Amino acid sequence: MTILEYFNEEMAIKRKQIKKGLYLISASFLIFIIASIFYILSALFDVEFIKVIAKIIQIFCIILFARGVWLFIKSILSLKKVLVCPNCRKSLSYFVTDSNYTNKIIWCIPPQFPENVKNCSYCKICLDDEMTF
């Protein structure tokens, strides 16, 4: 396995984590709408039990939202620990997150490591070499 293949696999894992985070965030908004409907029903029918259910749903919604945001932020910030040159141990994550090297914004991890980057910018090792563990 080459270093670039390893980087691309790790970036695919991080993209999946971002998708999970975004799904959790969108699900929390849908659940918040359900909690709002329960609050409206409790106001219309003056039933305390529905208000308790709405509060429980709202707490679940906040936890779901926080988990989604945490996954989203963690997947982007952990790129610094994952995309490391095996020779000099310096982080190469700026090639992925910096818009000067990629045409993507930070919200989206590109599908592969930039093609114009062939060497480590610190120690000049070729990234197409086989990886030794």
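K124 is placed in the segment after α4, helices being DSSP runs of H or I with at least four residues, numbered from the N terminus. The model is a predicted one, in which local features need pLDDT of at least 70 and side-chain atom pairs count only at pLDDT 80 or more, whereas totals for chains, interfaces and linings use all residues. Residues are numbered from 1 along each chain as its sequence is written, and side-chain values use heavy atoms, with hydrogens and water left out. Although K124 is not a glycine, its phi is positive, at about 65 degrees. Most residues other than glycine have a negative phi. K124 counts as exposed because its relative accessibility is 57% (exposed means over 50% relative accessible area, buried under 20% and partly exposed in between, with a 1.4 Å probe and protein chains only).

R89, in the loop between α3 (79–82) and α4 (94–97), likewise is not a glycine and has a positive phi of about 65 degrees; with 62% relative accessibility, R89 is therefore classed as exposed.

In the segment before α1, T2 has a relative accessible area of 14% and is therefore buried. Leaving aside residues up to four places away in sequence, T2 touches L127, D128, D129, E130 and M131, where contact means heavy atoms within 4.5 Å. D128, D129 and E130 also belong, together with E5 and E9, to a negative surface patch. E9 lies in helix α1 (residues 3–45) and is partly exposed, because its relative accessibility is 44%.

Key. Patches are made of residues with over 30% relative accessible area and no salt bridge: like charges are joined within 9 Å, nonpolar side chains (Val, Leu, Ile, Met, Phe, Trp, Tyr) within 5 Å. Accessible areas come from the Shrake-Rupley method with a 1.4 Å probe; for residues, only the protein chains shown count as cover. A salt bridge is a side-chain nitrogen of Lys or Arg within 4 Å of a carboxyl oxygen of Asp or Glu. Lys and Arg count as positive and Asp and Glu as negative; His and the chain ends are not counted. The place of a charge is taken as NZ of Lys, CZ of Arg, CG of Asp or CD of Glu. Helices (H or I, at least four residues) and strands (E, at least two) are DSSP runs, numbered from the N terminus.
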